[in-house]
Each structure stands twice: as structure tokens, then as C-alpha cells.
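Trainee: Could you take me through how helix packing and pockets are read from a model, giving the general idea and then the case at hand?

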Amino acid sequence: MNQSLSNSEKRWVRYYIGDVTGTDPFWSEPKAYLVLNSLLFDGIETEISRTKEGKFLNPAILDDVDRLLDFYDNMFSIFRKCHADSEIITYRVERHADFMPVLDKKHTISFTSTSKGGFPDAYRDRKGITLIKFIISGNVPCIDVAEVLGFYAKPEEKEILLPPFMRLNLTEIPLTTGELSITDSAGKSPVNSYKAVCHTLNTRERTGNISDNKGAGQRVYNALNNGLIPDRQDVEIYTQWKKILQAIYKNCCT
């Protein structure tokens with residue numbers, strides 16, 4: 001059952017899915033999710049893979065730590081309000097490299113966009129892909145974007161958003177003939193295919209906090225955006241800061 005969202009919650013959902021306007025460096029970023037999700041992965045391999053795909057990591061997203069925490073607070077608040085009423089089956093074409101920690105930890109790492117519309121025939125912005133079929137039973141927290149927003153910029157995506165830290169039962173399944181035709185940016189078929197059964201997830205309000213350490217992270221982003229190797233000390237500061245952020249929200253999930 002989906003409860004009514006506050007204006008702040010709706011604004012953050014729209015921001016996450018890239019429904020943005022204006023020229024402000026933060027609020028106009030259509031792919032802020034690249035950073036918002038990368039912050040939930042260990043190390044910087046996720047950031048490296050994004051920039052190798054030609055994607056831009058916007059340093060402005062790290063400008064204001066209170067604003068950043070407000071995003072995560074509101075998103076987890078929405079997952080406390082929104083659950084599947086009955087079983088939903090959704091699909092995702094995942095980067096194989098991003099799937100490996102999911103397979104290892106047996107839970108979602110970041111916010112996970114899935115679609116009720118099946119797998120697309122090609123996924124040209126990712127190199128090396130895994131297909132995932134999600135089984136979302138009733139009472140599992142998820143956001144049906146069209147339902148909570150009423151109108152949004154990408155209705156054709158039929159998007160169902162899953163929370164970070166959701167436990168998954170993962171089973172490898174054979175690739176079908178049709179799925180073998182789904183190709184990545186190099187024209188290669190999927191590495192593998194998995195069924196993911198989602199478990200319920202209870203979340204509480206955040207109690208911890210995090211200091212503002214934007215400088216190191218922004219320098220890491222600027223280096224990667226320009227095809228350079230980030231300073232080792234900046235990487236260390238940034239990855240330790242990420243660990244604190246991750247722990248704050250993981251500790252709110254049971």
C-alpha cells in the first residue's frame with residue numbers, strides 16, 4: 001500500500017529519476033543517480049566504470065552534506081510508506097561489475113531501478129551486463145514511480161525502484177535465445193542471468209551523522225571525469241567517508 005508522499009519526498013524522487021529543470025549545478029543534474037548510487041559502493045571501482053563509459057560524475061552533488069543526507073533520509077522515508085500490494089515481476093540490465101558485490105553480499109547495494117516492461121534489446125551505455133529478474137512479493141518496499149508521482153518524465157520505463165540493503169535470494173538461470181540477443185556497448189551478449197527474490201526490509205530514521213568532506217571526493221570526481229588517476233590520499237579520504245555514510249543507513253535497515 002502506498003501512502004501519500006510529502007512534497008519534499010516527491011521532489012527527491014523526481015530528482016533521482018532525472019526529472020529536473022533549471023541551471024543550478026545540483027538541481028539541474030539529470031543523472032545525479034550516478035553519484036547517489038556510487039556513494040553506496042565500496043572503493044571507487046564503480047566511479048571508475050561510470051567515467052570509462054563516458055558518464056559525468058557531478059562534483060556539485062557533494063557541495064552540501066546536509067542536502068545529501070536529506071536526499072537519503074527522504075528516500076528511505078518513502079520506502080517506509082510504499083510497498084507492493086501483490087507480487088510484481090520486474091527486470092534489470094545490470095553492469096556485471098556492479099552485480100558481483102550484490103552476488104557476494106546477497107543484498108542490493110544501491111537504489112535499484114527495475115522495469116515492469118521486460119529487458120530492452122540493447123544496453124549501449126554499459127560494458128559487460130547481467131540480466132536480473134526480480135520477484136517482488138506483497139509487502140516488499142518498493143516505489144512504483146508512476147503511481148507515487150502521477151505524472152513523470154519517463155512513463156515508458158514502467159519503473160519500480162528498490163531500496164539499498166534489501167536481502168535477495170539469488171539463483172542463476174539459463175539465458176534464453178531471446179536474452180542472448182540483448183547486447184552491451186561492445187555488442188556482446190549478457191555474461192549471465194539471475195532470478196532475485198526480494199525480502200521485506202524495515203527501516204528506521206537515521207540517527208548518525210557525517211562530517212562535510214566534499215573536497216577529496218570532488219577532486220576524485222574531477223580527476224576521473226578528465227581521464228586522470230586520482231590522488232591516492234584523496235581516494236583514501238573519500239572512500240573512508242563513503243564507508244561512514246553507508247554504515248549510517250545500513251544500520252537503519254533490518
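**Helix packing and pockets**

Mentor: The axes of helix 4 (residues 65-81) and helix 9 (residues 232-250) come within 12 Å and cross at roughly 30°, where axes are lines fitted to C-alpha atoms, for helices over the stretch in contact, and angles run from 0 to 180 degrees between N-to-C directions. Helices (H or I, at least four residues) and strands (E, at least two) are DSSP runs, numbered from the N terminus. This is a predicted model, in which local features need pLDDT of at least 70 and side-chain atom pairs count only at pLDDT 80 or more, while totals for chains, interfaces and linings use all residues. Residues are numbered from 1 along each chain as its sequence is written, and side-chain values use heavy atoms, with hydrogens and water left out.

Trainee: How are helix 4 and helix 9 oriented to each other, roughly parallel or roughly perpendicular?

Mentor: Angles under 35 degrees count as roughly parallel, over 145 as roughly antiparallel, 65 to 115 as roughly perpendicular and the rest as oblique; helix 4 and helix 9 are therefore roughly parallel. Their contact (heavy atoms within 4.5 Å) involves Val65, Leu68, Leu69, Tyr72, Asp73 and Phe76 of helix 4 with Trp241, Leu245 and Tyr249 of helix 9.

Trainee: At what angle do the axes of helix 1 and helix 4 cross?

Mentor: They cross at roughly 105°, and the axes come within 9 Å, which makes helix 1 roughly perpendicular to helix 4.

Trainee: Which residues lie nearest the centre of the largest pocket?

Mentor: Rolling a probe the size of a water molecule over the atoms shows where empty space is left. A pocket, on a 1 Å grid over the protein atoms alone, is an open set of points where a 1.4 Å probe fits, with protein on both sides within 12 Å along at least five of seven lines, and lining residues have an atom within 4 Å of a point. Here 40 residues line the largest pocket, and Arg92, Ser113, Tyr123, Arg126 and Glu157 lie nearest its centre. Strand 1 (88-95) is among the elements giving two or more residues to this lining, and its five residues are the largest share.

Trainee: Which helix gives the largest share of the lining of the second largest pocket?

Mentor: Helix 3 does, with five residues. Of the 19 residues lining the second largest pocket, Phe41, Asp42, Thr46, Pro101 and Ile109 are the closest to its centre.
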